[in-house]
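I hope they are handy while you have the structure open.

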Amino acid sequence: MTTATETLEHHDDDHHDHKMTGIKRWLYTTNHKDIGSLYLWFSFIMFLTGGAMAMVIRAELFQPGLQIIEPDFFNQMTTVHGLIMVFGAIMPAFTGLANWMLPMMIGAPDMALPRLNNWSFWILPFAFAILLSSLFMESGGPNFGWTFYAPLSTTYSNGSTAFFVFAVHIMGISSIMGAINIVVTIMNLRAPGMTYMKMPLFVWTFFITAYLLIAVMPVLAGTVTMVLTDTYFGTSFFNAAGGGDPVMFQHIFWFFGHPEVYIMILPAFGIVSTIIPAFARKPLFGYSSMVYATSSIAFLSFIVWAHHMFTTGMPLAGELFFMYCTMLIAVPTGVKVFNWVATMWQGSMTFETPMLFSIAFVILFTIGGFSGLMLAMTPVDFQYHDTYFVVAHFHYVLVTGSLFSIFAGAYYWLPKWTGHMYSEKLGKLHFWCSLISVNLLFFPMHFLGLAGMPRRIPDYALQFADFNKWVSIGGFAFGLSQLIFLVVVIKCIKGGEKAPAKPWDGAEGLEWEVPSPAPYHTFSTPPEIK
Amino acid sequence: MTTEKYESYYVPDQSHWPIVGAVALFLIAIGAGNYVANLDTGEGIGGWLLLAGIAILIYMVFGWFSNVIDESMAGKYSAQMDNSFRQGMSWFIFSEVMFFAAFFGALLYARVYSVPWLGGAGNNLETMQVLWPEFLATWPLTKTPDGTTTEAMGWNGLPLYNTILLMSSSFTAHFAHVALEQNRRGALKIWLGITVLFGLAFLVLQVEEYIHAYSSMGLTLASGIYGNTFFLLTGFHGMHVTLGTIMLIVMFCRVFKGHFTPDNHFAFQAASWYWHFVDVVWVVLFLFVYII
């Protein structure tokens with residue numbers, strides 16, 4: 001009885017203070033929906049910033065020869081573009097979705113540690129302010145690639161390394177705290193009756209991703225710390241003259257870097273596995289096999305890192321081990337792809353924008369997966385290493401994979417977030433413009449890479465000119481298409497057709513049982529799961 | 001039962017501490033960046049920004065934790081909340097383990113691969129003869145390929161005393177915890193006090209060891225991969241011991257203020273977990289950095 005009264009009183013408290021308005025609401029908020037929105041807006045701003053840098057790169061590469069920018073600035077653009085898209089656009093977007101949806105999906109009142117949640121977000125803009133400010137410093141910004149290989153980032157760095165290192169430290173702290181919050185929320189705040197194997201797959205994928213983050217972000221912190229001391233304090237971790245080894249940098253970096261790749265794709269699997277059943281109006285073909293496949297991919301991600309390093313002269317046994325382990329990942333990934341296809345098989349499908357993005361995800365991500373398999377073969381990789389083939393590969397998994405899934409998720413849940421339906425017409429326009437331009441942008445890169453065009457070089461041989469022109473045109477078109485998304489979102493926030501609690505008839509999950517827009521506090525008392 | 005616990009899950013109101021903490025971290029990062037980037041000239045206000053950031057961070061931690069302690073003392077936290085804290089702390093410690101793993105990884109890589117390879121192991125004989133034909137692969141690496149020499153730190157003497165100190169302190173921390181659970185406040189104060197003293201003694205001896213290394217052994221941060229791994233591993237460990245000691249001192253003060261009951265003492269438990277973690281890291285460190 002006492003508990004019940006306490007709950008009621010507590011309820012009242014909530015209603016008193018959530019009315020805080022203006023800037024303070026956003027600075028001081030402990031509400032998972034507010035923080036989710038902050039993450040999503042921040043990631044979209046970073047997406048446009050990083051996108052602008054990609055436009056600079058594509059403008060320079062439109063023609064052979066140097067025409068617009070200096071090579072050093074070109075290097076800064078490729079570096080900061082990569083860092084922003086990985087740490088500023090994709091990861092915060094997923095964290096934003098997690099913040100918005102996880103508590104609603106598991107019937108929790110909020111994230112488990114709400115103040116920590118606020119801190120995780122608000123340190124991010126500061127970290128990127130530091131990173132971006134280094135572009136305007138005398139020495140210029142980081143120019144060693146987002147992978148910051150030693151000795152480019154140590155012996156040959158331009159003086160921006162210190163700012164880069166401390167900015168990455170803050171991004172890492174943010175990710176670790178965010179991940180701890182996600183893990184604790186899922187472990188501890190599920191509604192009574194929601195066992196692990198009853199959780200929505202979306203929740204599962206974020207659960208596993210959060211574990212990966214907790215395990216590898218500290219390793220990144222260690223890596224950048226060693227880069228810092230090598231650059232400024234005379235250590236020689238990555239310098240053979242002092243007994244270290246530049247290749248050691250690559251081992252430690254990719255021990256972080258490869259799980260990081262899965263950190264950016266596992267949540268995408270979760271989103272697509274939520275949306276496809278909704279629009280195929282069939283339950284997911286094999287829920288438990290999806291859970292096990294996700295876990296297997298997460299486990300394997302820890303023992304494949306050196307496939308990024310086949311050309312560094314590893315011992316043969318190492319090359320073979322990492323080649324076979326990498327190819328093994330194709331098995332659980334194949335389980336997933338077949339699952340999505342089997343879910344659609346004989347479903348009564350409709351093709352609203354979230355579904356279009358999800359289907360495009362399945363096809364295009366699979367292309368990225370196949371090019372990944374090609375790169376996994378050691379002797380073949382000797383040919384492809386550091387060419388545009390690699391660029392094509394990871395953009396297929398990151399743009400048409402992760403980014404498309406984020407768009408799919410955004411369209412899917414926009415009615416729940418805003419209480420309005422988005423414009424289906426504009427959404428479809430966004431989808432088709434993106435789909436066509438993204439393939440024009442990245443598909444020819446495969447051919448360029450196979451023909452030997454190296455990545456991260458501002459100039460190229462004349463025979464690559466035609467493909468590069470088309471790639472650049474695709475790039476500009478893709479960049480412009482994203483502005484349509486901005487229009488859709490703003491229009492949807494401002495008004496539009498009222499959204500019912502459950503706008504998609506095949507959709508399942510607790511988030512559709514609360515009204516649209518979702519009230520500021522949901523599930524202060526947990527629902528019963530049968 | 002679970003439902004009842006669930007219903008009273010405490011969701012705090014707006015808090016200004018996180019944004020204060022964000023500003024603090026920003027100042028720390030930009031200050032440290034400026035300071036380090038201008039290390040050779042010593043110019044710039046980086047150092048001051050760094051100090052300001054640290055001061056604000058301390059203010060933030062103090063204010064934030066006061067809020068949490070007040071809420072806890074006011075009985076707003078349910079068993080479920082306590083569980084959230086416990087799980088959060090456990091995963092934080094796991095992330096710390098992975099941070100140390102990066103440096104242990106570097107140490108093992110240097111010892112197993114890079115130093116032997118520089119000495120011509122594997123198929124690297126020709127490379128060695130071209131680059132540094134004089135180089136002798138040994139561990140501890142007392143002479144680097146480019147000729148920097150140093151002495152190796154032995155394991156007996158100060159490091160051994162420190163090992164004994166830290167391992168004993170893990171036991172005393174456990175005794176304090178047992179005393180708390182049995183509600184023997186006197187024993188709790190004594191054991192916790194002894195733990196804090198052991199921690200402080202460890203830090204004093206560690207500083208002593210560093211002074212000895214720098215002044216009479218020629219072992220510095222820049223003495224090649226041996227000095228690098230030695231100082232970064234022991235240094236980061238020392239920073240964690242410092243943090244752990246501060247946590248224990250705070251717990252000591254709270255015990256004197258009458259906080260904690262046999263059933264409700266998450267903060268104490270967290271500090272004690274952290275202390276055991278620091279101890280385990282030291283044991284591994286003692287083994288791989290000093291002995292083997």
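Predicted model: local features only at pLDDT ≥ 70, side-chain atom pairs only at ≥ 80, totals over all residues.

1. Let me begin with a loop in chain A: Pro151(A) sits between H5 and H6 of that chain.

2. Pro140(B) belongs to the loop that links helix H5 (125-131) to helix H6 (158-181) of chain B.

3. Arg281(A) is not a glycine, yet its phi is positive, at about 55°. You will find Arg281(A) in the loop between helix H9 (266-280) and helix H10 (287-300) of chain A.

4. Phe523(A) lies in the segment after helix H17 (465-494) of chain A. With 22 other C-beta atoms within 10 Å, Phe523(A) is buried.

5. Now to chain B as a whole. Its secondary structure consists of nine helices and zero strands, so the pattern along the sequence reads α-α-α-α-α-α-α-α-α. The C-alpha atoms occupy a box of roughly 75 × 45 × 40 Å along the principal axes. Chain B has 292 residues, 40% of which count as buried. Among its contacts with a separation of 6 or more, 69% are between residues 24 or more positions apart.

6. On confidence, chain B has a mean pLDDT of 93, and 98% of its residues reach 70 or more. Do take care with residues 1-6 of chain B, where the pLDDT is below 50; this stretch has nine contacts in the model beyond near neighbours in sequence. For the complex, the predictor gives an ipTM of 0.95 and a pTM of 0.94.

7. How many residues do the two chains bring into contact? Chain A contributes 64 residues, and these touch 63 residues of chain B. On the chain A side, at least two residues each come from helix H1 (2-17), helix H2 (22-28), helix H5 (114-133), H6, helix H7 (201-232) and helix H8 (246-263). H6(A) gives the largest share, 12 residues. By class, this side of chain A has 39 nonpolar, 20 polar and five charged residues.

8. The axes of helix H6 (residues 161-188) of chain A and helix H4 (residues 79-118) of chain B come within 9 Å and cross at roughly 140°. H6(A) and H4(B) are therefore oblique to each other, and their crossing is right-handed. From H6(A), the residues making the contact are Ile176(A), Ile180(A), Val183(A), Val184(A), Met187(A) and Asn188(A). H4(B) answers with residues including Gln80(B), Asn83(B), Gly88(B), Trp91(B) and Phe92(B). By class, the contact of H6(A) with H4(B) holds seven nonpolar and seven polar residues, and no charged ones.

Technical notes:
Residues numbered from 1 in each chain as written. Chains lettered and ligands numbered in written order. Helix = DSSP H or I, 4+ residues; strand = E, 2+ residues; numbered from the N terminus. Buried ≥ 20, exposed ≤ 12 C-beta atoms within 10 Å, placed from the backbone. Contact = placed C-beta atoms within 7 Å. Axes fitted to C-alpha atoms, helices over the stretch in contact; angles between N-to-C directions. Parallel < 35°, antiparallel > 145°, perpendicular 65-115°, else oblique. Left-handed = near helix turned anticlockwise from the far one by under 90°. Nonpolar A, V, L, I, M, F, W, Y, C, P; charged D, E, K, R; others polar. pLDDT = per-residue confidence, 0-100.
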